[in-house]
Number of protein chains: 2
Amino acid sequence: MRLLLVEDDERVAAALVAVLGRHGFQVRHARSGHEALDALVPDGNEPYRVVLLDLGLPDRDGFEVCSRIRAGSGVPVIMVTARADIRSRIHGLNLGADDYVTKPYDMGELLARIHAVARRGALPSAVSVPAPDAVPQQRGPLESRGIRIDRERRRVSVDGRDVPLTRKEFDLLALLAQSPGVVYRREQIFSEVWRSGWEGNGRTLEVHIGSLRNKLALPGLVEAVRGVGYRLIPDSPTSTAADPAPPAPAEH
Amino acid sequence: MRLLLVEDDERVAAALVAVLGRHGFQVRHARSGHEALDALVPDGNEPYRVVLLDLGLPDRDGFEVCSRIRAGSGVPVIMVTARADIRSRIHGLNLGADDYVTKPYDMGELLARIHAVARRGALPSAVSVPAPDAVPQQRGPLESRGIRIDRERRRVSVDGRDVPLTRKEFDLLALLAQSPGVVYRREQIFSEVWRSGWEGNGRTLEVHIGSLRNKLALPGLVEAVRGVGYRLIPDSPTSTAADPAPPAPAEH
DNA sequence: AGCCGATCTGAGCGGAACTTGAGGATCACG
DNA sequence: CGTGATCCTCAAGTTCCGCTCAGATCGGCT
């Protein structure tokens, strides 16, 4: 899960990067508003799920950065600042920030708030084409083709029969099942299921796909898309055009 | 724009209804969790855009209402409460609340926060809101598998036999028992049972789990989910199973 | 201060999960 | 039909993770 941290104080930033990294975020650190806006330009990489925006910089600047981000992107923004006065809070929220946290804050609470805005997902944005994983997570169990995926319990059943999966297998399936029919590229899968930008050297992904297929025993469900990645075949005849929320398949 | 206000204090409610009304909200006032869940059952009317949930009621109840709302609906929830401690904040946000505001709050800020969550919109929800009376209210002592957990007295008994637990052991069990079957991740356990922001260095969690298992002497009750966390195995064998037409919503 | 239970840490073990490599099957394309 | 790239399967390694035990540290109580 990628996160953009906008913070000019190197020490604060380093500490946050460390903690967030340990909690499974892949953090990009921008030292200025300019750099932040730059980083948010869609470039084919997995999009940022959250922006953590420190307003420590020359006063008003931070608000401006926020409204510029909003002008071009629907990514959730959390403002972090020492300015505790009500005016600033209201102003920040009205500019489009999703949350406003004042220093000193509790790290655990900040993490909880990050997760809270992240699970809401990004707003549809006029400019960027939403990538499949920008789709907010659906509540409740996923169900399709007789497969039931319960994310909270981490359990999967096929036609009522319980299928025990390992961690990678489950994460893999949960990712693909998020948008059946959509092709997930290898790099994308790696960055979601494995943490950090490490790309598997060997046949790692194929092996996991293999054992997933074995356990589910539903031939034809998980389809390899040669040279690109994998996808789930939905039961209903293809993905359906006129669907608002779900993204257009395979851009690029 | 419809808004659901859950608040048992008539005076506070009246004031809020007035202010919110002036700001363009059509407010429905629910006086209890039960009434709130009732109101959220889809009935063909315009759905609620936000739920304002006051936790003033008998202690734990509010959290439970929140998680029940979450079990069936993606509507944004803002918790409003006098409980300012970090634990409660994190707990509330982890249960799926989108924001957590403590009293006394500034009305302008509350409005700004309401607008902030409202513009994000609801998460897609796979299942419908459970009918309130279909869900057994789990008030008072938790009970499952012959274990009785009395949160108020902090006492636990197994098959009538009293089992003395230490603080950590009890908190751990109480957390897991809140939703048997659900997997709690390590970080979440740490943030709710330990002081916030603290991440266990050594084998702390495992040791406590170990001694909890020993004292309860119910093999198979506390299950480790490799690479993720722990969960309690519920007695009722998987509630999941292939459901007929009306999918019975997961309890929880 | 001294005691005692509670909590935390570190080392070692065992097993599950993950990774890798090689060979065979399959596909796209000329 | 031939060829190279890509994918799949199988069978080893290798790493990672949870469990346990034993000792250190913390903290409340007398």
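**Close-up views of a predicted model**

**View 1. The surface near DNA strand D.** The residues of this surface divide into 6 nonpolar, 4 polar and 7 charged (Ala, Val, Leu, Ile, Met, Phe, Trp, Tyr, Cys and Pro count as nonpolar, Asp, Glu, Lys and Arg as charged, and the others, Gly among them, as polar). Around DNA strand D there are 17 residues, the closest being A:Gly210, A:Ala224, B:Arg203, B:Gly210 and B:Ala224; a residue is near the strand if its C-beta atom, placed from the backbone, lies within 6 Å of it. Two or more residues come from each of α8 (204-216) of chain A and α8 (204-216) of chain B. α8(A) gives the most, with 5 residues. Helices (H or I, at least four residues) and strands (E, at least two) are DSSP runs, numbered from the N terminus.

A note on reading these views: this is a predicted model, where local features need pLDDT of at least 70 and side-chain atom pairs count only at pLDDT 80 or more, while totals for chains, interfaces and linings use all residues. Residues are numbered from 1 along each chain as its sequence is written, and chains are lettered from A and ligands numbered from 1 in the order in which they are written.

**View 2. Where chain B touches chain A.** Here 37 residues of chain B meet 37 residues of chain A (in contact means C-beta atoms, placed from the backbone, within 7 Å). On the chain B side, α4 (86-94), α5 (107-120) and α7 (186-193) each give two or more residues. α5(B) gives the most, with 6 residues. By class, this side has 16 nonpolar, 11 polar and 10 charged residues.

**View 3. A parallel strand pair in chain A.** Strands β4 (residues 77-81) and β5 (residues 99-102) of chain A run parallel, joined by 4 bridges; strands pair if DSSP finds at least two bridges between them. A:Met79 has A:Tyr100 in β5(A) as its bridge partner.

How values were computed:
Contact = placed C-beta atoms within 7 Å.
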